[in-house]
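Could you walk me through this structure, stop by stop? I have it open in my viewer and would like to know what to select next.

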Amino acid sequence: MPFARFIDTLLSLLFPDRCAGCGRLGTLLCDECRHRLVVYDGDPPRVADQLTDVRIAYVFEGSLRHALHQLKYHRRQRVARPLGGLMAAHLQSHPLPCDALIPVPLHPKRLKERGFNQAELLAREVAAATGVPLIVGPLVRVKATHQQALLDVAGRIENVADAFAWTGPAPPARVVLVDDVLTTGATVNACAAALRAGGARAVYALALARSRGRTPLSHR
Ligand SMILES: [Zn+2]
């Protein structure tokens, strides 16, 4: 048993898991909460001219919204495991022709505040489950942006324009961007522009969830 897995097992014995959706003991995401997930079948994102295609797994509501909140704001990083597993399952049932997974990066300042990038944790789970390589590092957030929630669509596009840069050697031809919540698509679209400028030919987006109806609160 690798050491990290051993420590993980030890911790789970000392601190039993609670469902991130409903608080039930014994699991990180219980069957009941899983059954309540609503498959996303709503509109595509409004801002996607740089994206080849977009996959969104679930509607951002109920237990999923709660679970994601636990991951990001209560810093329960283990919750990325079942949530990333849901994304991997979605990608396996809605395949994309891709060479690598790249999480949407946080600005270094935000990364320092939170201590981790939730999109990266999710992407790691997807990579582990699907075998698609993960690339973390060359795609960077070079501009600290305002909260997207406070802005309309035009403001969101403007806010994230030139916010990202590809800093490595040429990226793989076909890349899947991974993010937790997708709203207008402006953020992943700006990432895709940076990847295309770096040489990527096809850029897809995979998100765990998206609201339907009214614009949700910001996720960053
Ligand atoms: Zn539950």
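Start by selecting Ile7, which sits in helix H1 (residues 3-14); helices (H or I, at least four residues) and strands (E, at least two) are DSSP runs, numbered from the N terminus. Ile7 has 31% relative accessibility, so it counts as partly exposed; buried means under 20% relative accessible area, exposed over 50%, and partly exposed in between (1.4 Å probe, protein chains only).

A word on what is on screen: this is a predicted model, where local features need pLDDT of at least 70 and side-chain atom pairs count only at pLDDT 80 or more, while totals for chains, interfaces and linings use all residues. Residues are numbered from 1 along each chain as its sequence is written, and side-chain values use heavy atoms, with hydrogens and water left out.

Next, pick the zinc ion. Cys19, Cys22, Cys30 and Cys33 coordinate the zinc ion through their SG atoms, at 2.3 to 2.4 Å (donors are N, O and S atoms within 2.8 Å of the metal, or 3.2 Å for Na, K and Ca; water is not among the atoms, so sites may look incomplete). Along the sequence, these donor residues follow the spacing C-x2-C-x7-C-x2-C. Click on Cys30 and Cys33 too: both are buried.

For the last stop, select Leu101 in strand E2 (residues 100-103). With 0% relative accessibility, Leu101 counts as buried. Show its surroundings: beyond neighbours within four places in sequence, Leu101 is in contact (heavy atoms within 4.5 Å) with residues including Leu91, Ala123, Val132 and Val178.
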